[in-house]
Amino acid sequence: MIRRLTARSRLALLYTGLVLAAGFLLTALTYLLLFHSLRLHIDEAMSKLLTQAAPALLVVTALAGLTGWVVAGRILRPIRTISGTANRLSAENLSERIPVRQPADELATLAATINGMLDRIQHGIAERDRVLNSQRLFVANAAHELRTPLTTMRTAVDVTLDGEPDRAELVAMAGDIATAVETSQRTLDGLLVLARSQAGPPRRTPVDLAEVGAATVADAADLAANGAVTLQADLRPAPANGEPVLLERMAGNLLENALRYNHAGGHVTVTSGIANGRSFLRVVNTGPPVTPEEERWLFEPFVRGAANGTRGAGLGLSIVRAVVTAHDGEISSTARPTGGMDIAVHLPQALEATPVHGRAADPGSAGPCAALR
């Protein structure tokens, strides 16, 4: 029966019982004192005491019960507030919080703890919704990107085989199919790297971003020469921790993007070093002007700019962002007033770094170096 009572009722009964016990104890002590003090008219005095004490004890007990009920209600009011707030909350409404009042007692601590839990739940739900929306958009874009080359191949086959094609037509069809297959392969490779980087690097080893930049600059020399773009490097030590393959892909995508979205006679500058206690790799390029709207969507998957007719998978900078995020880093981008972009990645600085895949940086890459034009 006691377990079915509310907390307020149990507290009121507890207070009443304590007052009743104290009243009995006080009556007993008074009885003993009077017994020793009044030996002559002992029977009359004791009878009168009991007759007057019993009603007084009942009145005091009733007042104690009423007072206990009121006091218990005031004590439990914050708990009722917590319960009411919790009942109003739902997955669609997590913005309400429990008021934390003074003094900072156990109930205030409970309210603060629940508010902290609600903050974490709200953040988790918001992050879940963001990831789900991003995944839905990503899947839709990926399906579209992979459907396009497949449609190209199907069209090339249907058009060419609709009749009696000669050798030239078959060679042209094979070229169209090869181009579409290459596009699909680039897209799939980009998707795999993006998924891998979003899952976080499985291992982290000391890596110098200067060596990563030097290797990337060397690999991009032909692309710079073909586009008549001057490639310069000023690479200073920038030790970090991460997965070398992902960091190489990050630097390669940054530089490839800077070269493709450029113009003849333009230039690209790659620098590295330490700033504000973090290692950085920075790529600055000339090129067509980038509007604020384009800059905002620059790191989203399957977003392309006007790169002199050059088509890619549109995953380059989204992979850069995913790799940087997986390495607990930050990325900053600024559209240059004269055209082109200024993009820098910042990673936590490491005390030491080792060459990437055993490739030492070219000593000549420490200063400016121009590629063939």
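Author: Let's go from the whole chain to the sheet, then to the helices on it and a few single residues. This is a predicted model, where local features need pLDDT of at least 70 and side-chain atom pairs count only at pLDDT 80 or more, while totals for chains, interfaces and linings use all residues. Residues are numbered from 1 along each chain as its sequence is written, and side-chain values use heavy atoms, with hydrogens and water left out.

Reader: How many helices and strands are in the protein chain?

Author: First, the idea: helices (H or I, at least four residues) and strands (E, at least two) are DSSP runs, numbered from the N terminus. Here the protein chain has 9 helices and 7 strands.

Reader: And what percentage of the residues is buried?

Author: Buried means under 20% relative accessible area, exposed over 50%, and partly exposed in between, using a 1.4 Å probe and protein chains only. Of the 373 residues in the protein chain, 34% are buried. Among contacts between residues at least 6 apart in sequence, 73% join residues at least 24 apart.

Reader: Now the sheet. What is the order of its strands?

Author: Two strands pair if DSSP finds at least two bridges between them. In this model, an open sheet of 5 strands runs in the order β2-β4-β5-β7-β6, with mixed pairing. The edge strands are β2 (230-235) and β6 (330-335), each pairing on one side only. From one strand to the next, the twist averages 10 degrees.

Reader: Which strands does β5 pair with?

Author: On one hand, β4 (residues 267-275) and β5 are antiparallel over 8 bridges; Ala 275, for instance, has Arg 278 in β5 as its bridge partner. On the other, 7 bridges join β5 to β7 (residues 341-348), again antiparallel.

Reader: Is β5 enclosed or open to the outside?

Author: Count its buried residues: 6 of the 8 in β5 (residues 278-285) are buried, so β5 is largely enclosed by the rest of the structure. β7 is mostly covered too, with 7 of its 8 residues buried.

Reader: What joins β6 to β7?

Author: There are 6 bridges between them, and the two strands run antiparallel. One of the partners to look for is Ile 343 in β7, which bridges to Ser 333. β6 and β7 form a hairpin with 5 residues between them, and Gly 339 in the turn has a positive phi of about 110 degrees.

Reader: Where do helices pack on this sheet?

Author: For angles, axes are lines fitted to C-alpha atoms, for helices over the stretch in contact, and angles run from 0 to 180 degrees between N-to-C directions. Helix α7 (residues 244-260) lies across β2, β4, β5 and β7, at about 25 degrees to β5. The axes of α5 and α7 come within 9 Å and cross at roughly 50 degrees. That makes α5 oblique to α7: angles under 35 degrees count as roughly parallel, over 145 as roughly antiparallel, 65 to 115 as roughly perpendicular and the rest as oblique.

Reader: Which residues of α5 and α7 meet?

Author: From α5 you have Leu 209, Val 212, Thr 216 and Val 217, and they meet Leu 247, Glu 248, Ala 251, Gly 252 and Leu 255 in α7.

Reader: What is phi near at Asn 276?

Author: Most residues other than glycine have a negative phi, and most peptide bonds are trans. Asn 276 has phi near 55 degrees, a positive value in a residue other than glycine. Asn 276 sits in the loop between β4 and β5, and with a relative accessible area of 80% Asn 276 is exposed.

Reader: Where is Ala 228, and what is its phi near?

Author: Ala 228 is in the loop between α6 and β2, and its phi is near 55 degrees, positive in a residue other than glycine. Ala 228 is partly exposed, at 23% relative accessible area.

Reader: And Ala 221, where is its place?

Author: Ala 221 is in helix α6 (residues 221-226). At 27% relative accessibility, Ala 221 counts as partly exposed. Its C-alpha atom is separated by 7.5 Å from that of Leu 231, 10 residues apart along the chain.

Key: Contact means heavy atoms within 4.5 Å.
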